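The sequence and the structure should be kept in view throughout.

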Amino acid sequence: MAEQEQVRKQAPVRREETVEETPAVSEQGEKIKAELDDLLDEIDSVLETNAEDFVKSYIQKGGQ
Amino acid sequence: MAIPKTLGIETEYGIFLRGAGESNPIAASSMLINAYLHDLATANDHQAKVGWDFEDESPGNDARGFAPLGSRPPDIETHLVNAVLTNGARYYVDHAHPELSTPECADPLSIVQYDRAAELIVERSMRAARRMLPPGQELVVYKNNSDGKGNSYGCHENYLMERQTPFGRIVAHATSHFVSRQIFTGSGKTGTEAKGLTARDVPYQLTQRADFFEEEVGLETTLKRPIINTRDEPHADATKYRRLHVIVGDANMSEVATFLKVGTTTFILSMIEDDFLPRGFALESPVQAMRQVSYDLTLRKPLRLLDGSTVTALDMQWELYERASKYASERGTSAVGGPVAGQVLERWEAVLTQLEDDPMELADQLDWVAKYRLVEGYRERNGLDWGDPRLTAIDLQYHDLRPEKSIFRKLGMQTMVTQAEIEFATVNPPRDTRAYFRGECLRRWSDQIVAANWDSLVFDIGTEPLRRVPMMEPLRGTADHVATLFEECATPKELLDRLAIGG
């Protein structure tokens, strides 16, 4: 393995300031919500049809 | 002085035979692995099946130098399928689960590559098994750590350490890391399996495993699990090395989470060897703290220390990160993964910063965040209560390794290795550890190797007695050492003769 020494900068000072809450739902927020909606639709299409039976029948023996 | 951390991950997978009513997990696990080996043998007509050699296994040895009364060393089940692959990995049945141990890796990025290769091997095994099963049946494998009913199975990490480091110092410092690293290593879980608690108390938690730890230090791995496991079986020269067997971690789907889990722990253990950590964060109750951190989605609840002060998991990780950064600049990175160590530090800092600002920003990097976003979104959209089986189904299916059913695969999370690198690692060993020697010998001469394990290979070249090649140094047998030798030797006999001359 290469015995390479890495010169690194000092660890930057951690950010302490708090970010102000944005009052209204931003365009970015709408986009994120739409993406999540699409994802949840996709989950609906692959999710086991009888969730309750599936969850009940998933039994494993304990391992390490 | 800290030694280079040779690394490995062993994953026990959940397994389930669909469409057959009752399923026998041991038979299912054997079938999964045999189906894969059968496919390999068909594709590769000279590929003989090489079995595991148990000669040097002693999982009952305790790192503290004694065996506490009443503790049970694990049993080795030799009758079950147990194979060594040409990438240097071990693929076997353990405790009613299929398990795959990566080959020895020299840095955390290589671990990510071989951990993902293990998933691909399992995926191919499922496909191979489907061809052998009657219509309507299939084997399904989950890369998670619990069935949601109190049964857990592990994803263990292994780190080679120098023998002379006092075990007590490892316990003192590693415990606080294992408690606090859960904020980025967790795979997320709906509800809880701790006695006396329900989804009402813990709707969602950061990790799969925290519910299952009952002791601070111990030899057990299957009951009364300890935060620090004392199994002392280095699979290497025991006078020089120990192997820290870490059993607290979750199996991660996220490559970033696997990278950070192993990368940060590599730093902590090297700093322990070099006595570089100033204070130990002596927790009042480490076992309680494991759960407290896992149950606290705000990441803000203080943990009590023995001296009466308090600290949050995030604060602990910031202090460890800052120390690691100083360690790298003062001591170099040869013990912590070489050039990859810089990437560990950068990612560690970025993830802590985001965890502090808004953990949800990490939905494309960390498992617990990604899964939380989905179950919470689904719950809200459908007006469900926590504890609803549909949320548990999403949790389970996040870890489904069938590409078409895997919820994780739908998310397009950040990756750290390419598909080509993963593909390569399913058949080729890492070049920078002794796994190279093991894997290359198997690829060339599997029909003349009768057994293999982590620290030796046994050849049958037609003359008595069988010839055992010990491999007690994890960083010998690399491509740098033996690639030329392989080019020059046409048969294992030539290789063995050359090795004997070379001493």
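A salt bridge is a side-chain nitrogen of Lys or Arg within 4 Å of a carboxyl oxygen of Asp or Glu. By this rule, 5 salt bridges are found across the interface of chain B and chain A. The model is a predicted one, and every value quoted here is computed from it.

Another salt bridge is formed by Arg381(B) and Asp41(A), whose closest N and O atoms are 3.0 Å apart. Because Arg381(B) lies in helix α9 of chain B and Asp41(A) in helix α1 (residues 27–46) of chain A, this pair joins two chains. Arg381(B) counts as partly exposed, at 33% relative accessibility, and Asp41(A) is partly exposed as well, with a relative accessible area of 42%.

The interface may now be considered as a whole. Chain B contributes 66 residues to the contact and chain A contributes 37 residues. About 4,600 Å² of area is buried between chain B and chain A, and carbon and sulfur atoms give 56% of that area. Arg373(B), Arg381(B) and Lys410(B) supply 13% of the area that chain B buries against chain A, which is more than any other three residues supply.

Polar contacts also occur between the two chains: 24 residue pairs are counted between chain B and chain A, with both residues at pLDDT 80 or more. Several elements of chain B each supply at least two residues of the side that touches chain A, among them β2 (14–18), α8 (340–357) and α9 (367–382). The most comes from α7(B), with 8 residues. Sorted by class, the side of chain B that touches chain A has 21 nonpolar, 23 polar and 22 charged residues.

Attention now turns to chain B itself. Its secondary structure comes to 15 helices and 18 strands. The C-alpha trace of chain B spans about 70 × 60 × 45 Å along its principal axes. A compact globule of 503 residues would have a radius of gyration near 23 Å, and the 22 Å of chain B agrees with this. Of the residues of chain B, 63% count as buried. Among contacts in chain B between residues at least 6 apart in sequence, 73% join residues at least 24 apart.

Salt bridges within chain B illustrate such links. The side chains of Lys5(B) and Glu273(B) meet in a salt bridge at 2.5 Å, N to O. This pair links distant parts of the chain, 268 residues apart: Lys5(B) is in the segment before β1 (7–12), and Glu273(B) is in helix α5 (residues 255–273). Both Lys5(B) and Glu273(B) are buried.

Glu233(B) and Arg243(B) form a further salt bridge, with the closest N and O atoms 3.3 Å apart. Glu233(B) lies in the loop between β12 (225–229) and β13 (241–246), whereas Arg243(B) lies in strand β13, 10 residues apart. Glu233(B) counts as buried at 4% relative accessibility, and Arg243(B) counts as buried at 10%. Salt bridges also link residues into a network that includes Asp115(B), Arg116(B), Glu119(B) and Arg409(B). Over all chains, a search of the whole structure finds 42 salt bridges.

Thr353(B) is buried because its relative accessible area is 18%, under the limit of 20%.

Technical notes:
Residues are numbered from 1 along each chain as its sequence is written. Chains are lettered from A and ligands numbered from 1 in the order in which they are written. Side-chain values use heavy atoms; hydrogens and water are left out. Contact means heavy atoms within 4.5 Å. Buried area is the accessible area (1.4 Å probe) that two parts lose on being put together, summed over both. A polar contact is a pair of N or O atoms within 3.5 Å; within protein, one must be able to donate a hydrogen and the other to accept it, and residues adjacent in sequence count only if both atoms are side-chain atoms. Helices (H or I, at least four residues) and strands (E, at least two) are DSSP runs, numbered from the N terminus. Ala, Val, Leu, Ile, Met, Phe, Trp, Tyr, Cys and Pro count as nonpolar, Asp, Glu, Lys and Arg as charged, and the others, Gly among them, as polar. The radius of gyration is taken over C-alpha atoms; the globule rule is 2.2 Å times the number of residues to the power 0.38. Buried means under 20% relative accessible area, exposed over 50%, partly exposed in between (1.4 Å probe, protein chains only).
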